[in-house]
Amino acid sequence: SESPPFNHSQRNIDIQPQSSMSGMTSSPSSLTLKYWNGRGLMEVPRLLLAIAGKFPTTDYTDARFNAPADNLESNLGRMPVVSTPEGSVGQSIAINYYIASTNNLLGTTPLEGARIISVQAHVQEMMDAFRKIVPYGSTPTAEDLNKWFDSGATDSSGAADRSKRSERFLQWWVGRIEASLDSNGYAIGSQLSLADVILYNAFAEVLLESERGEGFASWRAEPMCSLARTNKVLETAPKLTSAIEKVKEHAGTKKWLSMRGVQGF
């Protein structure tokens, strides 16, 4: 995976201890996140770390660049990349797995872990469908948003209606994802995980005005170009909403949002 370059100044922030999958504890500032100066594909890892109580300058390095960094072979010369004492990993799905699994955010059993990864895949499919209507970087039209939020297939149980495969817009995705989640307040299992963070990132991640640079369009700061319309669809999904709220109300989330500052995207 790769995010398009933005013309932002480089920002490097030092950081600290991280436990590896083998149980070893790495030295201060040994984990480095390499990405452009914005949210994008690195915001889920940053939020996972925040929920684990880890923040830039003390626990890891949040390195942001206005041109590709060095040593990006693990992502075919692109960003995002996470560097660790054991080596580097590229591709957002793999990075999310690494950060979640080394911070007790990938469930408590192999089945929970697999189901958590499936939620990530569902959301990626949903966002791919959204980008077919509103391509990345384009300004959404009222027609585009009406199509995404207000129309399309609505079957949410049983075998998916294949005759409406081309009409699977937000209502269909929310209904189907809702049906796949557990009923105890968390997306999967009985504790916060990557699944909850993925849902929060897709449905509730917002940039406040104070976090936007000059000329930053308001629709770019909201999930799927409209927080209000997203929330309206979520009224039909109490399990999904609960998972999002668990992330939103976590102390680590609040601390991260209070300190992350102006974002390029």
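A salt bridge is a side-chain nitrogen of Lys or Arg within 4 Å of a carboxyl oxygen of Asp or Glu. This is a predicted model, in which local features need pLDDT of at least 70 and side-chain atom pairs count only at pLDDT 80 or more, while totals for chains, interfaces and linings use all residues. Residues are numbered from 1 along each chain as its sequence is written, and side-chain values use heavy atoms, with hydrogens and water left out.

Across the whole structure, a search finds 13 salt bridges.

| Pair | Closest N to O distance |
|---|---|
| Arg46 and Asp62 | 3.2 Å |
| Arg46 and Glu43 | 3.0 Å |

Arg46 forms a salt bridge with Asp62. Arg46 belongs to helix H1 and Asp62 to strand S2 (residues 61-65), so this pair ties together parts that are 16 residues apart in sequence. Helices (H or I, at least four residues) and strands (E, at least two) are DSSP runs, numbered from the N terminus.

Burial is judged by relative accessible area: buried means under 20%, exposed over 50%, and partly exposed in between (1.4 Å probe, protein chains only). Arg46 counts as buried because its relative accessibility is 0%. Asp62 is also buried, at 0%, and Glu43 is buried as well. Lys232 and Glu235, in contrast, are both exposed.

Arg46, Glu43 and Asp62 are among the residues linked in a network of salt bridges, which also includes Arg39, Arg64, Glu205, Glu211 and Arg260.
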